[in-house]
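I opened the model today to look up a few local features. My notes follow in the order I took them.

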Amino acid sequence: MRVFVTGATGFVGSAVVQELIGAGHQVLGLVRSDAGAATLAATGAEVHRGSLEDHDSLAAGARACDGVIHTAFNHDFSKFAANCEMDRRAIQALGAAIAGSDRLLIVTSGTALLTLGQLVTEDTVAPASHPTIPRVSEQTAFAMLPAGVRVSVVRLPQVHGDGDHGFVPMVIGFARAKGVSAYIGDGLNRWPAVHRLDAAQVYRLALEKGTAGARYHAIAEEGLPFRDIAEVIGRRLKLPVVSKTAEEAAVHFEWFAHFAAINNLASSQKTRERLGWQPKQPGLIADLDRPRYFET
């Protein structure tokens with residue numbers, strides 16, 4: 001197939017591009033800059049210039065392909081609400097462009113957007129809204145089903161691997177800045193995880209085998225205790241590993257305290273059964289316990 005990929009040079013999107021090309025598909029990748037265009041072209045993918053705010057470019061890319069994988073998202077938390085709204089409008093533009101066709105649109109969501117503190121599965125329905133996170137990718141996607149948009153969702157946990165600039169590097173940064181590696185309370189709140197290369201396989205399999213209206217979980221590990229992550233960071237940075245109360249955590253982790261406290265168990269059993277997916281890459285702790293994560 002010829003596949004339109006947004007976020008084609010991003011942390012997850014670049015792995016998806018690599019996975020698709022390796023499986024014999026053609027990729028048309030959305031990029032904003034000359035540097036991004038050069039990076040994408042070097043992979044063997046075709047360049048499509050545009051952005052999430054340029055809905056005409058999104059529609060043109062979607063119509064030019066047999067399927068669409070939407071991985072792009074601006075993770076600048078200083079304007080997170082605006083970025084969530086940008087994402088919502090981009091998904092609507094992609095869906096409107098292929099409504100009534102056989103093209104499948106795969107949208108990215110996250111397990112942390114679901115009800116926390118209990119095991120979530122592919123059958124868990126996302127709430128209409130989240131009390132603290134205004135991202136509604138999944139809700140926007142499924143709202144288009146009645147309009148004839150063949151859409152499905154891939155939910156991601158903590159994604160790790162070379163080039164990671166997400167939550168784990170943020171935790172490392174707070175440890176460096178504060179002189180201790182911290183966890184909250186007993187540190188047994190859990191983060192699910194997946195390697196970026198394993199996650200990319202889920203997107204490809206969802207495109208090849210998936211059905212409209214389905215939810216897929218790219219979950220290799222159902223939930224790792226946050227304390228285990230803090231302990232690796234402390235050992236690698238040669239810093240004390242300490243427990244923080246909720247009040248102390250607000251000082252240590254600052255705006256990130258909510259995410260550090262997340263207790264998010266997530267299963268991928270149905271995804272493995274439906275898509276034949278089997279993650280093969282190292283787990284989060286093994287991946288984190290390498291010099292690469294601590295290079296400055």
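**A loop serine**

I started with Ser267, which sits in the loop between helix H10 (257-260) and helix H11 (269-275). The model I am reading is predicted. Is Ser267 buried or exposed? I find 6% relative accessibility for Ser267, so I log this residue as buried, the cut-off being under 20%. I then listed contacts, leaving aside neighbours within four places in sequence.

**Helix H7**

Next I turned to H7, residues 196-209. I count 14 residues in H7 and a reach of 20 Å from first C-alpha to last. That is close to the 20 Å expected at 1.5 Å a residue. I note 11 of the 14 residues of H7 as buried, so the helix is largely enclosed by the rest of the structure. Among the buried ones are Arg196, Asp198 and Arg204. Tyr203, Leu205 and Leu207 are also on that list.

**H1 against H7**

Last, I checked how H1 (residues 13-22) meets H7. Their axes come within 8 Å and cross at roughly 55°. That angle makes H1 oblique to H7. I record the crossing as right-handed. From H1, the contact uses Ser14, Ala15, Val16, Gln18, Glu19 and Leu20. From H7, Arg196, Leu197, Ala200, Gln201, Tyr203, Arg204 and Leu207 take part. How does the contact divide by class? I have seven nonpolar, three polar and three charged residues.

Conventions: Residues numbered from 1 in each chain as written. Predicted model: local features only at pLDDT ≥ 70, side-chain atom pairs only at ≥ 80, totals over all residues. Heavy atoms only, no water. Helix = DSSP H or I, 4+ residues; strand = E, 2+ residues; numbered from the N terminus. Expected span 1.5 Å × (residues − 1). Buried < 20%, exposed > 50% of the residue type's maximum accessible area, 1.4 Å probe, protein only. Axes fitted to C-alpha atoms, helices over the stretch in contact; angles between N-to-C directions. Parallel < 35°, antiparallel > 145°, perpendicular 65-115°, else oblique. Left-handed = near helix turned anticlockwise from the far one by under 90°. Contact = heavy atoms within 4.5 Å. Nonpolar A, V, L, I, M, F, W, Y, C, P; charged D, E, K, R; others polar.
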